[in-house]
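Here's a quick tour for anyone opening this one up for the first time. Have a look around, then read on.

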Amino acid sequence: MTERGSAAGGGDRSDEAEDTGGDRRVSAVLAPLWTALDRWGLAATAGLTALIVGVVFYFPVVLVLRRAVVAGGRVTVAPVAAVLTDPFYVGVLADVLGNPLAVGRHLGAVVGFLTEFRLRLGTYHGLPWLYLVVPGVRTGLFGFTAYQALLSTVLSVAVGLPGAYVLSNYEFRGRRFLRSVTILPFVLPAVMVAIGFYAMFGAQGTLNDALGLLGLGDVNLLFTLKIVVIAHAFYNAPLIVRVTTAAWETVDRRTVETARSLGAGPRRAFLDVVVPQLLPAILTGALLTFIFTFLTFPIVLMLGGARLATVEVWVYRRIRELAYQEAAALAVVETVLSLGLTLLYLRYERRAASLGTGSVEDRDPLVPSLRSLVTPQRLAIVGYGALVVVLFVGPLASMILASVTNEGTLTLRWYRVLLERQVEGASFQTKPLPAVRNSLLFAGATLVVAVPMGVVVAVTTRRWRGGHLLETLAMAPLSVSGIIVGIGLLEGLVFGVDLPGPYRLVLTGPVAIAAAHAVAAYPFVVRSVGPLLSRIDRATVESARALGASRARTLLDVELPLVASGVVAGAAFAVAISIGEFDSTVILAEGGTTYTMPVAVERYLASRTLGPASAMGTIMLAVTAAAFVVVDRVGGRFER
Amino acid sequence: MVSIHLDDLGKRYGDTTALESVDLDIADGEFFTLVGPSGCGKTTTLRTVAGFEAPTEGTVRFGDRDVAGVPPEDRDVGVVFQSYALFPHMTVAENVGYGLRFADPPDGMSAEERVAQLLELVDLAEFGERDPESLSGGQQQRVALARALAPGPEVLLLDEPMSALDARLRERLRRQVRAIQSELEITTIYVTHDQEEALAVSDRLAVMHDGRVEQVGTPQAVYRHPATRFVAGFVGENNLFDAEVLGPTDDANRRVAVDGAEWVVPSPDEDGLGGASLRDQVTVCVRPEALSTDGGANELTVDVSEWSFLGESVRVHADWGGREVVVRLPDVPERDRLALGFDPEDAHVLDDQN
């Protein structure tokens, strides 16, 4: 025992010339350092993660939200109460929240509302038709925000479920490819998506061109709730597809076969056995979609026009009008709601993860023969495929098309405009090349910082008790508005904070942006690494420990190689989130030269035509795709 | 090599108690088995020795060294799990050599020589470059054993290592493990729920139940003289009869009444009263093979309900006044009623009603 104990503890093996173990090559000078890293590395990384999240997330958020509850050095509920009792924000609930004890009056109002329902007989295309007349309700800003989030969630689920069905039940060429690119829309920068939607669904958009060819009338969806909801579905339906497909693939076919053998028909077996196993995943995805669309900002800002506004947009407007206290109060209410939803989501996700036992893979061929395409089921799938093309491929293709056309003719004019701007532009103007360079730099920095952070959080929360609470705290960046974080970073860290003693903490623009990106990205690393980590047999980790590997060493030698695919996916996420991040970046980059590609796209959008913006968007698409490929290639080497 | 001592070990998870005052002394080089039904605390005990769990009470000592707070990697233990837990991203040889990254191989060998030696030991010399997934379950478990032994640990911990294997393979591997253990003289703790395996393989064994140790002893002692009703029922098949003590017959025996029948059974002498026990309720344990059709001092006539042919013997389930009785007989012709008998020395008496 003593022999091995001292060798492991002292790190004095370095002077031996044997070359089998990698750590023996470390020179004698570095040996104590290595030992310290070995022993404390994990704890140190965890501490550093907590520090970064604390400084770059919790501190700025608290700084901003404090305005809502502290006025003139005293704690007050007045600003939050003002929001909660303002019909503009909370609609009919304002009276209830303002006078919670006037139960009689509120009940009266409910009864009054219910008696307002009317059935009216009318005609519809000449046919007699019954109309239900629903009395109007003032929903307020929060009501509208929740309403659009609900619509978006419903549409995302409706679009996503058939996709999950096809992907998990049929075999066809490119199935795996499709399954992996479902991640793509989710990480596309909102600005780019907005450009794509302008180009696809705008008055002169590709859709109207196509409809025109078919002799059908114009549709203009821009600046309506419809386009916002469709854009949200563009983002979140793939999310639904992903989680549902993952659950569907782990449904043990033998459970279905057992149900069939017990007398259930195919439909009944599906309802009784498959659906209950899918439901947790669908609900998890739906909850996540609701949270994301509740906090939506750039999509509504750019596609919704002046009339539509969500809470987040309003927070942004109030801040631009320097009404900080009201913005903070709004943000407090918003944050409480979304944190509550996140908590619900995390609880649900755990339950969803505990289901599923692995499956026997047997998928029907999607196109067994050409003749089979005529069956109703196959026809429906073909129709769905067309919808997917319009909704997902359409906007991106339209954006690329818009970047190389001008009034119907092919041209490279917009790229020349960008080039001229690069060469001749004044220093205060937004140039394309610095935007690309900044984006890549921030993406690199995010990768380096967010991946270790995410891995450490995943390890810590999965293996320790009390991990639930820690996980919720660590996941908070998912559910707090980027605007708030951005403002907090600007006020707190960019302008500087006094520390005890003669010190002053200042994070300059680029560092603040990179830190904000890392904090926004690492929850996604946690989400991609965590589930894989918990799938590793505990005995595998313990075997390594018993064989003499320290905790940190076990992580490097055993766990990370086994979850390499998750780490690579997390890294790709981190890069994509960083490149696409808009909310914090647009605030922190204000007036400086640290703008990124999405900020550049947004600034070019201000001009009359879609041209320069879509050219910039196309460049961004190319850079994002290239970054993805690089991460995947380089990361793929570590996978087995 | 080293001896292992558990003193008053306890483990609580919130309100549930996994272990309660476990005291065990395992000798240097001993093959010691923890046996019991699932949830009895045997695996928790093993994990506490390995350092994967910290006890809430009591101490674990290796020799005279208290190992509290010593992480698993510094305990010098080799562990083999039921699930093999091979590293799927390493070859067989890399798996076996993993522990040698942190400790020098014994006897001045190089790591390569040590890996080759261990693979030889478990008859897998040709398999070094294979992926673990390409091996059969039994082969994987032998790799796991070689991996655990490679750094030359002082203690070998085996957590249900055979449970995932089929019966025939299990037997063979068990003998192989035992042979290797005897050769290396390594202190070994073996966890199993299979009492037959525990009897076959151990120097000594501890029967555990509900987080407590019920009995410690050699396989023969535990089989012949179970200390509690639980042990009597768990280790080997047994017939347990509640009996009322009528009085002593002589120094070694006493008369008891079981459902109207009167039997003469041995008196436990640990109370020093020579049969005049203070208790009047005892449990009489009679092994199925102790009952015979050739008569004996004590008699019972049973109605046969099930007759199973086992090859060289038959097992008979029978009814004796509403109680089920199991009998093991040489291969005799089947019949409906059996007149059975046993002698006092073939019965075992439990004083405690627990």
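Is B:Gln215 buried or exposed? B:Gln215 is buried, because 20 other C-beta atoms lie within 10 Å; the cut-off for buried is 20 or more other C-beta atoms within 10 Å of the residue's own, with 12 or fewer for exposed, partly exposed in between, and C-beta atoms placed from the backbone.

Before going on, note that this is a predicted model, where local features need pLDDT of at least 70, side-chain atom pairs count only at pLDDT 80 or more, and totals for chains, interfaces and linings use all residues. Residues are numbered from 1 along each chain as its sequence is written, and chains are lettered from A and ligands numbered from 1 in the order in which they are written.

B:Gln215 sits in strand E10 (residues 212-217) of chain B; strands (E, at least two residues) and helices (H or I, at least four) are DSSP runs, numbered from the N terminus. Contact here means C-beta atoms, placed from the backbone, within 7 Å. B:Ala227 is 12 residues from B:Gln215 in sequence and 6.2 Å away in space, C-alpha to C-alpha.

Now the two chains and their touching sides:

| Side | Residues |
|---|---|
| Chain B | 28 residues |
| Chain A | 24 residues |

On the chain B side, strand E6 (residues 77-80) gives the most, with 3 residues.

Conventions:
Contact = placed C-beta atoms within 7 Å.
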